[in-house]
Amino acid sequence: MTSMLRVRRIVVSGVALACALTACGSGADSAAPQPLSDSARTEVRRALDAAVAAGTPGVQVVVTEHGQTWTASAGVADIATEAAFPDNAKVRVGSNTKAFVATVMMQLVAEGKVELDAPIERYLPGVVQGNGIDGNHITVRNLMQHTSGLPEYLELPQLDGDYDTLRTQHFDSAELIRAALASGPAHFPPGEKAEYSNTNYLIVGMLVERLTGHLFAEEVTRRVIEPLGLQSTYLPAAGEIDLRNPHSAGYEIVEGKPVDVTQLDTSWAGAAGALVSTGTDLNRFFTALLFEKLLQPAQLAEMQRNPKPLTNRPAGMDYALGLARLTVPCGKEVWGHGGSIPGFRTHDGITSDGRAVTVLANLRAVDPAATAAVQHAFDTAICE
């Protein structure tokens, strides 16, 4: 997710927090090969320190390879206490939620409960309608690949409040969908191009619920989280605004200063971005997904087929069905997703030879230099 909780912000570039700590790392002792060489770890630590110097309070990288995990952190998890980023820190992982929900959808495809190229009107009659919007012509695939042309619900005025107003406010996904589809015309005919719209995945979450008779969160938990043993991954319960421990605080820049936005009711994010997880759990998920532990080969191949460039996102992320093919400087084949939500930004992906990397940042930076520095940390861990 990208434009949620649009509080007033003044961009401050090149801010280096005085409380930044030296990068530190951890990893289990084992005779098996460890992730990254010593020189590569040095480069990754430098990249983490550079991200902190560019203005992010705290950043953590988790690299999983050869069945082993290495974690390194820089900066602080909490500005007030100067506490370091805890290993296995829980954070809000935003749009990574879409990859989990898409995995559930592909399982339902394998079970014959839904067809990707069927119109959404078949399954959710009367839901996807509006000015230039007709659910008879928008397929399940269009929704999952952001080729539907649907307006972005995050631009609704009811989500344009300040943090204190929205911190504990509950939103209903069905109401947000109705409001978004009534907010304006379709942006383009279905299938014409790919334009990222979080509205698509609120509808996909509703579809999961219609097909299964259960809340999408229950299906993600039953089909993905529990089978993989992702003990630190969860979708918050109704009214749950605190992160479970151990966790990092999350920050937004408001009037030039970082403001703690850790407490947040993310009911508005729903199937598009409400998930909480850790670097270790995200690496385990993407490894299991890309190495056919969650899907049959045919469904995984469909999930990766014909990725399209997103016209409203920077180059370097071609989107398939809840999975993105990521461009990295070294040219490796990398699949993953990523997420952005008030307080946090995550980058994650896995190479074709099985190196999984997640970078967690506890500021959703608006300064391009700060954003680029966190991206560089991810690229370094993938490529070194």
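This is a predicted model: local features need pLDDT of at least 70, side-chain atom pairs count only at pLDDT 80 or more; totals for chains, interfaces and linings use all residues.

Trainee: At what angle do α1 and α12 pack, and how far apart are their axes?

Mentor: Helix α1, residues 38–53, and helix α12, residues 368–383, pack at an angle of about 170 degrees, and their axes lie 8 Å apart. Because angles over 145 degrees count as roughly antiparallel, α1 is roughly antiparallel to α12.

Trainee: How do the residues of that contact divide?

Mentor: In the contact of α1 with α12 there are 9 nonpolar, 2 polar and 1 charged.

Trainee: Changing topic, which residues have the most contacts inside the largest nonpolar core?

Mentor: They are V61, M144, Y153, W268 and F285, in a core of 117 residues. Helix α2 gives the most to this core, with 9 residues.

Trainee: What does V61 touch?

Mentor: Leaving aside residues up to four places away in sequence, V61 touches V44, L48, W70, T71, A72, V357, T358, V359 and A381.

Trainee: Back to α2, then. How does α2 pass α7?

Mentor: The crossing of α2 and α7 is left-handed. On the α2 side, the contact is made by K98, V101, A102, V104, M105 and L108. On the α7 side, Y201, V204, G205, L207, V208, L211 and T212 take part.

Trainee: What sort of residues are these?

Mentor: The contact of α2 with α7 has 10 nonpolar, 2 polar and 1 charged.

Key
Residues are numbered from 1 along each chain as its sequence is written. Side-chain values use heavy atoms; hydrogens and water are left out. A crossing is left-handed if the near helix is turned anticlockwise from the far one by less than a right angle, and right-handed if clockwise. Helices (H or I, at least four residues) and strands (E, at least two) are DSSP runs, numbered from the N terminus. Contact means heavy atoms within 4.5 Å. Ala, Val, Leu, Ile, Met, Phe, Trp, Tyr, Cys and Pro count as nonpolar, Asp, Glu, Lys and Arg as charged, and the others, Gly among them, as polar. A nonpolar core is a set of buried Ala, Val, Leu, Ile, Met, Phe, Trp, Tyr and Cys residues joined through side-chain atoms within 4.5 Å. Buried means under 20% relative accessible area, exposed over 50%, partly exposed in between (1.4 Å probe, protein chains only). Axes are lines fitted to C-alpha atoms, for helices over the stretch in contact, and angles run from 0 to 180 degrees between N-to-C directions. Angles under 35 degrees count as roughly parallel, over 145 as roughly antiparallel, 65 to 115 as roughly perpendicular and the rest as oblique.
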